[in-house]
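Dear colleague,

I am passing on the structure we spoke about, together with some notes on what came out of going through it. Please read the notes with the model open beside them.

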Protein chains: 2
Amino acid sequence: MPQDRKLRPPATLPADLVAAMVVSIMLVPQSLAYALLAGLPVETGLYASVLPLVAYAALGSSRVLAVGPVAVISLMTATAISGIDPAAGVTPIAAALALAALSGVVLMVFGALKLGALANFLSHPVISGFMTASALIIIVSQVKPLSGLPLDGYTLLDVGRSLAAVGFHLHLPTAAVGLATIMFLLWARHLLPGLARRLGLSASRAALASRIAPVFAVIVAIAASITFDFKAMGIAVVGAVPQGLPPLTLPPLSPALLLDLLLAAAAIALIGFVESVSVAQTLAARRRDSVDPDRELLGLGAANLAAAFSGGMPVSGGFARSIVNFDAGAATRLAGALSALGILFAMMYLTPYLAALPKAVLAATIIVTVSQLVDFNAVGRVWRYARTDAAAMMVTIAVVLAKGVEWGVAAGVAVSLALHLWRTSRPHMAVVGRVPGSEHFRNVLRHHVLTAPEVLNLRVDESLYFANARYLETQIAQLIADHPEIKHLVLMCSAVNFVDASALESLETINERLKTAGVTFHLSEIKGPVMDRLKKSAFLDHLTGQVFLSQYDALKALSPALAAP
Amino acid sequence: MPQDRKLRPPATLPADLVAAMVVSIMLVPQSLAYALLAGLPVETGLYASVLPLVAYAALGSSRVLAVGPVAVISLMTATAISGIDPAAGVTPIAAALALAALSGVVLMVFGALKLGALANFLSHPVISGFMTASALIIIVSQVKPLSGLPLDGYTLLDVGRSLAAVGFHLHLPTAAVGLATIMFLLWARHLLPGLARRLGLSASRAALASRIAPVFAVIVAIAASITFDFKAMGIAVVGAVPQGLPPLTLPPLSPALLLDLLLAAAAIALIGFVESVSVAQTLAARRRDSVDPDRELLGLGAANLAAAFSGGMPVSGGFARSIVNFDAGAATRLAGALSALGILFAMMYLTPYLAALPKAVLAATIIVTVSQLVDFNAVGRVWRYARTDAAAMMVTIAVVLAKGVEWGVAAGVAVSLALHLWRTSRPHMAVVGRVPGSEHFRNVLRHHVLTAPEVLNLRVDESLYFANARYLETQIAQLIADHPEIKHLVLMCSAVNFVDASALESLETINERLKTAGVTFHLSEIKGPVMDRLKKSAFLDHLTGQVFLSQYDALKALSPALAAP
């Protein structure tokens, strides 16, 4: 926590108040929209935007992260709820509360165990593929409220099957409202900032105006809906929203239900955490601030538990709203807690107006928002850089689209781990020689270097561990068999960051085999921590040759004729 | 394949003939013993020692590896067979044939795909733990034929339960024969070589005599059994062994059975392959020869398929018999094929005598052989070197003893992979400075070095990939937040062997965040292959700072005051 805040608390309060007001204006329509996306009554979205914000402010570490319902988490919630056997007698709301509670517990436990690093196994290509595929599913799922088509399902296959079943019967008034909103939002995103700048606004104000535009769409739509009685025209509207404070709720705790939801809850916790930390770190860096991932786990865990006990759906840190919070000048976590007051105000006094809001408008805001997440170019970009990463990305996209969100994440992680292990199991190795006139040693195949026929200098570009230890044995056996003139082998370890017990056994084996073949085995450039560990074993006693501090020292000792400047 | 063999084939023939004779003498009792260990009729062991040897000679790559039934594979066969539902109507022999066929197919497929490297994921501690635990189970399983106790089961729990159920009723004559054999074999192993040397034999001849000793035990036991009619005394004997050539058999191909056996077959293939390659490489190195793991897969696969179609049990390369083959002077793979002739001879003319052999003698040879595999000291040795490796080893031992062999292997591999990934996800990093009077850079915490307050030199000792990319982001954000005076950050990449797409994104993020924080981001000592890849991305265009060839170049450019000699 920054020192300066304690020294002059009043100085940051006005900034936090302004930011809180802007964020809460933005949060109201988003909360409604994401609750509908999750297949829940709209008020669960509003409830999730009150107490969770206060809980995060109490335990989280970011000064600007704005939590609440977000698109991808809402989709995951919808998928998880729809997967529950209807015969179990669990209402969607009860399932959402259980899911929030379970995610909260998962996050808190990982935070308490300081296991935030586990999220690192979700690679960027997997997250990127996951986001693209999820956004596609969300867009497709919003075709129903946008067009009035009665579709169903949360994978492309399900929705396609559903579309084939019901046929294509547009409800024209609904579609007109939806498309008009999409056009306005696209205009606000792409053209409004330029216009605002020409009208004299600063760049950051112009961007803020563009981001707040959905709120104007909502206000205009409500006015139009009341004036022209959209409901009578058959356009679906949000309908009655309970007025007043969030209720006190108890999530259902049946073990069977919790077991059913555990994978989904873990996926929600993981994705929510990764996204939140990434947003928080990006914004913190702009002020030379930092974020503690383990405290983020606690903050997000507390936010989800708060949601579970106050009638809310699972929550996470949102990208757009956090940037708005930052741009509006939020100075401390108090801004987040103050936004909760704004939502409370809306719940006390604005719900009668929200009832008239057409669902198609909310669908349009969701579609325009998540369409920014679709990034097919990323596949090509990653493909050019590393095909293994592109493979993990494509598997993730395919499995999310075909099997659903949690399976996509699991498959992506499995594929990226397998490909990583495969790569490190066949490390790059180079026979090296001395670059004339220097103490440098480079690959004999790439450079003109000095070598002695009876000394083989081998550089291995990987830490030595079980997956590549036997590969090293095989490669060295091959080199020795191919070059009967060799009397000394020097293994250059400048890129070896550790040697595990398997690799140690392999080094022993190599030493033993080289001894029977009449070759002396030396090591050079071993790092401090690796050497500390080798000294605990008997290997250095058995080593037939020496350990040289540098490859050049090895050259001076083994082939002095080549060491002359 | 060595050139010299083609130029003068007759020169190696006598050596191969002698080696073949010695190996086949040794193989006869071993084949009987391991068939009994697997819970199969003794002839399946003999059949597995004929055609498979020829098949391996045709496709394998080692000149001295002797294949046939081996202890651990026999135990795995016994476990797999005992796991088949008796209601399925599959005889143990049919199951063994199916298992051999399936292992053969697995090995051939992996050989054809050149996936021999997959075996590398079986770490040394896992193999060592697996061998210790398997040997314990084998020893316990042989208490029944050794003592005449009617025990059952293939895990310690099962055998313990069985012992508790039947009580301790020794059959004294059986136990006397068994214990006498054990005493003789221990004497032959530990004292005979010294005696033979004092009698004037060379060291290698003395070792050979010690290894052939079990054959004498068998001959003496058969003579005693016939003379004193052991069978009438209630001592279990091998009984009638079918005389003649191995039969032509077809393994049962019911999909349900094959699915049941698939995990066991994969484990047999994996363990057999790893052990064979290790034996073959050790022996090849003594002659500066090498072994091709992918051809070993084909050779072992062909051997198992040959076993399946000629009435045999699953086979693998054996350690003891390969050393005997080597010491007896085998020069080419022909020696292996010729041993098959020796076994054939035994099957034609010696089976009437083998019928009188007490099973307790075979049990004694198994116990004495596998007791060499038990190595509890390894746990302590590995523990002192690396606790993560010791953990993987202990999990393997525990799971093999409690749940069985395949589960133990699977658990060991899973634990070692998880621990490896965990380790690389939190790489060692050091802030470095220049060692006065040199161009070397070392850790500021360990050495007295020169640093400039506005330049932070950070060395990361690990390849950058998804599991540690975000850790790097967090660490750098922390460093920058803690040191507001920093204007330049130089990331020293001498130990970075690759940068995957996730880490590239993280470098982009770090660059972006440092830019907003007013810090210039530089890289130094990037390796050739890593640089080639970075050049394919847009990262170097975005980089706010420079890429320095060496850390010293960075020093000269950024804080020239410190660069003076």
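In this predicted model, chain B can be laid on chain A with an RMSD of 0.2 Å, by a turn of 179° together with a shift of 0.1 Å along the axis. The two copies are thus related as by a two-fold rotation axis, and within chain B the C-alpha nearest that axis belongs to Ala495(B), at 2.4 Å from it. Both copies are served by the same surface, since 97% of the contact residues of chain B recur in chain A.

If residues up to four places away in sequence are left out, Leu99(A) touches Thr77(A), Ala80(A), Leu261(A), Ala264(A), Ala265(A), Ile268(A) and Pro314(A).

In chain B you will also find an open sheet of six strands, in the order 4-3-5-6-7-8 and with mixed pairing. Its edge strands are strand 4 (441-443) and strand 8 (547-548) of chain B, each of which pairs on one side only. Strand 3 (residues 429-434) and strand 5 (residues 455-460) of chain B pair in the antiparallel sense over three bridges, and Val431(B) stands opposite Leu458(B) in strand 5 of chain B.

Note on methods. Residues numbered from 1 in each chain as written. Chains lettered and ligands numbered in written order. Predicted model: local features only at pLDDT ≥ 70, side-chain atom pairs only at ≥ 80, totals over all residues. Least-squares fit on C-alpha atoms with pLDDT ≥ 70 in both. Contact = placed C-beta atoms within 7 Å. Pairing = 2+ DSSP bridges. Helix = DSSP H or I, 4+ residues; strand = E, 2+ residues; numbered from the N terminus.
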